[in-house]
Protein chains: 4
Amino acid sequence: MTERVVLAYSGGLDTSVCIGWIAEETGAEVVAVAVDVGQGGEDLEIIRKRALACGAVEAEVADARDEFAQEYCLPALKANALYMDRYPLVSALSRPTIVKHLVAAARKHGASTVAHGCTGKGNDQVRFEAGISSLAPDLKCIAPVRDYAMTRDRAIAFAESKNLPIATTKKSPYSIDQNVFGRAVETGFLEDIWNGPIEDVYSYTQNPAEPREADEVVITFEAGAPVAIDGRPVTVLQAIEELNRRAGAQGVGRIDMVEDRLVGIKSREIYEAPGAIALITAHQELENVTVERELARFKRTVDQRWGELVYDGLWFSPLKRALDGFVDQANQHVSGDVRMTLHGGRAVVTGRRSDQSLYDFNLATYDTGDTFDQSLSKGFIEIFGLSSKIAAGRDLG
Amino acid sequence: MTERVVLAYSGGLDTSVCIGWIAEETGAEVVAVAVDVGQGGEDLEIIRKRALACGAVEAEVADARDEFAQEYCLPALKANALYMDRYPLVSALSRPTIVKHLVAAARKHGASTVAHGCTGKGNDQVRFEAGISSLAPDLKCIAPVRDYAMTRDRAIAFAESKNLPIATTKKSPYSIDQNVFGRAVETGFLEDIWNGPIEDVYSYTQNPAEPREADEVVITFEAGAPVAIDGRPVTVLQAIEELNRRAGAQGVGRIDMVEDRLVGIKSREIYEAPGAIALITAHQELENVTVERELARFKRTVDQRWGELVYDGLWFSPLKRALDGFVDQANQHVSGDVRMTLHGGRAVVTGRRSDQSLYDFNLATYDTGDTFDQSLSKGFIEIFGLSSKIAAGRDLG
Amino acid sequence: MTERVVLAYSGGLDTSVCIGWIAEETGAEVVAVAVDVGQGGEDLEIIRKRALACGAVEAEVADARDEFAQEYCLPALKANALYMDRYPLVSALSRPTIVKHLVAAARKHGASTVAHGCTGKGNDQVRFEAGISSLAPDLKCIAPVRDYAMTRDRAIAFAESKNLPIATTKKSPYSIDQNVFGRAVETGFLEDIWNGPIEDVYSYTQNPAEPREADEVVITFEAGAPVAIDGRPVTVLQAIEELNRRAGAQGVGRIDMVEDRLVGIKSREIYEAPGAIALITAHQELENVTVERELARFKRTVDQRWGELVYDGLWFSPLKRALDGFVDQANQHVSGDVRMTLHGGRAVVTGRRSDQSLYDFNLATYDTGDTFDQSLSKGFIEIFGLSSKIAAGRDLG
Amino acid sequence: MTERVVLAYSGGLDTSVCIGWIAEETGAEVVAVAVDVGQGGEDLEIIRKRALACGAVEAEVADARDEFAQEYCLPALKANALYMDRYPLVSALSRPTIVKHLVAAARKHGASTVAHGCTGKGNDQVRFEAGISSLAPDLKCIAPVRDYAMTRDRAIAFAESKNLPIATTKKSPYSIDQNVFGRAVETGFLEDIWNGPIEDVYSYTQNPAEPREADEVVITFEAGAPVAIDGRPVTVLQAIEELNRRAGAQGVGRIDMVEDRLVGIKSREIYEAPGAIALITAHQELENVTVERELARFKRTVDQRWGELVYDGLWFSPLKRALDGFVDQANQHVSGDVRMTLHGGRAVVTGRRSDQSLYDFNLATYDTGDTFDQSLSKGFIEIFGLSSKIAAGRDLG
């Protein structure tokens, strides 16, 4: 029987060419798999037909938007996942979602190999291949751009020579990856890190500097998950989508940073993630209200490791599962309402209320009703600072 | 010889009353010490004279603004210190500065005790007393508000009965602590955490929602310290002051959060720190450019602990010194320029350049000149993911 | 109705006197509760009758040995809990067990207060009171030794004046706390930390220096819990007891250390914990075999925090529950056999086998059958070290 | 001019063959460099001559024993470096020492490449190559065993065909790496991890089970470094050597573990490190006496990362330098005497004394002279446990 290769198919030039290229390089049949994680653009059925027209023996499409939101974006939200304190892991979250579908397709179609369109200097190749090797250690991985030197120019030549039904016009200056949780943009002129981004780079967000009316939103969480917006019940996917629209309209969620890639280099990245940033900001503040101090302090260490691990492509790893055990437990009481003002590029929390709140008005107030026994503090301070005081007695001596 | 008590004196009602109150409670003479950490307000000489008029046997004032900026704010900047990822430690940084002057005055005047005006439910009592016990383990500490039940009403009655030269009009609804690094506000109606702050609360910052022209600034750092703004050399103090003005005019640096106090309760806090937030934002991005990845990752853990420790009042502790050893080493190469746009409440980095940069255009670019050897990646990915793959082989089995 | 106080009762002089002392100080009725956590010594029924004879209105005893082993010692084993890398938390584990019974008794007997016999400078007062306030925030706590200045001499005088049925002979030079997980000894001559312990101090362990035959044991674990010894099924309690006997007979588990107490001082402690040390040693090595590297590395950080938290008396805290979420997940595959030699004070692992093993002979071997593809290493090394190499290019420049 | 390759030369069969093998593969001249890190065995001059006889154009030898002890072993001691809580990094410490000499030789002899004899599945290849790329990013690295498939059999054939002056008898069953800090042994029958090591495996240590007289030693430290043994001043090298002898004679320092290699596999390792284990044990206990609690707690996290980083071959990395900044600061007061009993495979601390001690007899004692104010504890406990208590009030509700 002829070998089969499952290809992560986007419908664009590169992966359309990959279909024939892989076939020529390996002699295998190519099964194209396109996964909808909210990237927008063309209809899935059109993409499916293009894959077949480009030579795929089978083509499958999957609407994974709810799965992506529920099983990948939500854990990230619970971990307040911001790589380098900034980046909400947009692409890093979609890759394991796609991997799961690729592996399922490989099993279904008896494929021995999975292929993807990534280059050899980015993070996504690692996320694809480490993911696949953890879900299906027996499958091989190939990356034609990296392994078979399938450059852009050669891809265009291939497409033209084979009359592939795909536009081979001059490439956009932007290299874009997007899904419902956000959008990543790389482009040549931003490789000079002294250059600022121009408005043309953005698509999910309006210019935050333009005057407009502020938008106020109330997000309701249950155990760390958004469950209602302004009182209307929502799925996680709907919460992200609505906040992408509303926060995006206010210019919230633009990120411009120099980032440490897993492959050891620093790169300049522009992201837009209006919904993600609004949700994480709200979630963090609700944690401030509902999570006990020592748990909150240690959770920052766990959250940081969670973000690094997922950025590094180790979603399907034993450490990830154990960190989730911690994070889920820590989110058990993260329930309540957060009111935010979305305006001028900022998502600002202005109110929070929760029946799981650990904020105790009577302990906190300086007015009538204060129940805090201040006489306890003297003993606390003396003993809290004692080890340091004893050391000082030596060090000053 | 009569015992002497050194009192941290602000010039306000509470500490003015403390002078006589302490004298009555303890029989000691009171030496008043006022320290200028950039809180603004009255002239120091006026404050000095008021202390004497209120009964102090000696009164000293010190301009510690440069010392505060250089020795306390700068280390915080190097550690990107943001307690709970938000609060730049405004009051927590000023307390050790003041403590140092109090202890020096106690030594000079032969005092056995130091007094401060804090209540028994806040963080500052700990910062004062833990600081004093670490610089002078032999000194005693008293806090009349906490230890002698010196309530506001009783203080007013005392001031009036003694004809103290200090206004006893109705208290402002705001409890404020401010210095050059920022401003903290507490007030009754914000003790309901569902209430949003009103414009009246703010003083260091303009309303970010009002339309105005953006301001672009270039901050130059050397080894983590700001040394020039727009090309003009500045001291750390001048950098903070200028950015307070310029970022404050754009509404940058407002913070509204529920915070975990050291004494175990949660409290609602409003802060303004335009200069601090602008500087930390710029410093973080310059670290992204100049600090190697593994150092940057571990530094987040160190920075978090640094912030907690200083928030908790342990500035003069052995752990603080050792963390500084790490942080200083990590900042050695954090030199270069950061260009920021200050506008609409946001301080956004748009450019960075540095002769210490680890960003390598030739490794990062996808255009001509790419020197990254993509063929190395396959081996990297395979071995990087191997331990996870082996575990998967077991766990899926 | 008369107030009731539940007293943690040991049967010894101090807590026997506490019964009457508390009654006199507070006017309350005292309910004595003795909890068997494997401390050995007198029969529980004798203890119960003594409490009544000393004036308790009610006396309860509970055999909590299995509960202690299963719910307190086992989680510690899963976390390899060694405070300061040495101390297996013997007393720190028994306190929450006892607290649970005290609170249950308080509820049953309508008591408003719980009393314990600890001094005011140790860790156990914190463990009792923080535990009680977390299980029953409404209950008050009293500690007669600390709060009512019930010194040893005054206790003896009280016992004699009331003819209490308890020996008031000269106190043993040793202050001992023991349970099935180990034994803690403090004594005056060891307060000079240059003095070495003498043989007389020990009770759970034989002198390791004496010649004897080695003992070989095979411990079987399932998901981190010991389930068989030498093939015979055991409960956790039986595993600890058998290893106390067998490892104790070989002098295993003696610990002599200077320790950081929660109250800020350093103290000299002697412990014996033969079963605990043998089990933790075996468990650690089985983790080496069955836990993936990145999970194992992060688990060390979690384990350390777990140990500190429990040492500090915060067993019933939100952070503890979340850490347990991580630790339980990490122990899921810690199953298999560990063979140890117990001899001369050492518990040495000599073999391990597990169907959950991640040790892969074919990848590890240098002999025939090697399946490791060495050609992958070059790419791995180059990219693994790239960020450091780029930094070197700058730093050496 | 002919290219030159600097080869890390041991004098054994593999690296002797490498000289000619590299020359044939690359056409380059080979410069052999042997570095004495205390591995014992042949005289360096004999090794030097053999290199020349095997075809090296130049041969250099360096006595780096003091440098190794002072600059590599001592930092490890200060960090209590034990990878996976067990392994004192014996080989991981020698590699950067050797790398430094290789790079110096490459500069001196104008070589463009450095070669080593490691296989492609161990840690040492990473330590060599990551080290070289950090000290000399321009140098290339080659590993004939890995890169040119120089198997043992082919090496023997090569040696015989060229009449190299080196024995090609049947290989020892043991693969050994040793230096003054310890000795590592791998061997086929231990690749079955259920097999226990046999006595024949060991060389630095006597059988701990044999009866003998105990040895008592007093080690004096200054700022974390051993400076005297039994009152006689020693260098770090002398301290390690003397304790290798004395602790080795008592069977101290044998380690048998399954270890996580950097290349993703688990391997079985046997180590002997009598001096290292004795010194680390003493150093840890002196830290217990002289390091403040919070510093000690955080230092465990730093020490763990230090050990992982050095194990992983990143000695010459920015993070390593910053961690050293912390570790050196933390060791500033680690001065004093530790008395240990070496016997039966155990190095047991029995006494410690230090004028930098933070152990305060008067605070610790329960006898006359107690200066600890127990009345402070009630306030401490209440506030220390308050955040947990508030959470309990919610969670139990």
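I began with Leu13(A), which counts as buried because 20 C-beta neighbours lie inside 10 Å. The cut-off for buried is 20 or more. I noted that this is a predicted model.

Next I looked up where Leu13(A) sits. Leu13(A) is part of helix α1 of chain A. I then listed its contacts, leaving out residues up to four places away in sequence. Leu13(A) touches Ala155(A), Ala159(A), Ile166(A) and Thr168(A).

I turned to Tyr9(A). This residue belongs to the loop between β1 (4-8) and α1 (13-26) of chain A. Tyr9(A) has 30 C-beta neighbours inside 10 Å, so Tyr9(A) counts as buried. With residues up to four places away in sequence left out, Tyr9(A) touches Thr15(A), Ala32(A), Val33(A), Ala34(A) and Ala51(A).

Then I moved to chain B. How do α3 and α8 of chain B pack? Helix α3 (residues 65-78) and helix α8 (residues 236-249) of chain B meet at an angle of about 90°. Their axes are 8 Å apart. The angle makes α3(B) roughly perpendicular to α8(B).

I looked up the residues that meet. From α3(B) come Arg65(B), Asp66(B), Ala69(B), Gln70(B), Cys73(B) and Leu74(B). From α8(B) come Val236(B), Leu237(B) and Ile240(B). By class, I found 6 nonpolar, 1 polar and 2 charged residues in this contact.

Note on methods. Residues are numbered from 1 along each chain as its sequence is written. Chains are lettered from A and ligands numbered from 1 in the order in which they are written. This is a predicted model: local features need pLDDT of at least 70, side-chain atom pairs count only at pLDDT 80 or more; totals for chains, interfaces and linings use all residues. Axes are lines fitted to C-alpha atoms, for helices over the stretch in contact, and angles run from 0 to 180 degrees between N-to-C directions. Helices (H or I, at least four residues) and strands (E, at least two) are DSSP runs, numbered from the N terminus. Angles under 35 degrees count as roughly parallel, over 145 as roughly antiparallel, 65 to 115 as roughly perpendicular and the rest as oblique. Two residues are in contact if their C-beta atoms, placed from the backbone, lie within 7 Å. Ala, Val, Leu, Ile, Met, Phe, Trp, Tyr, Cys and Pro count as nonpolar, Asp, Glu, Lys and Arg as charged, and the others, Gly among them, as polar. A residue is buried if 20 or more other C-beta atoms lie within 10 Å of its own, exposed if 12 or fewer, and partly exposed in between; C-beta atoms are placed from the backbone.
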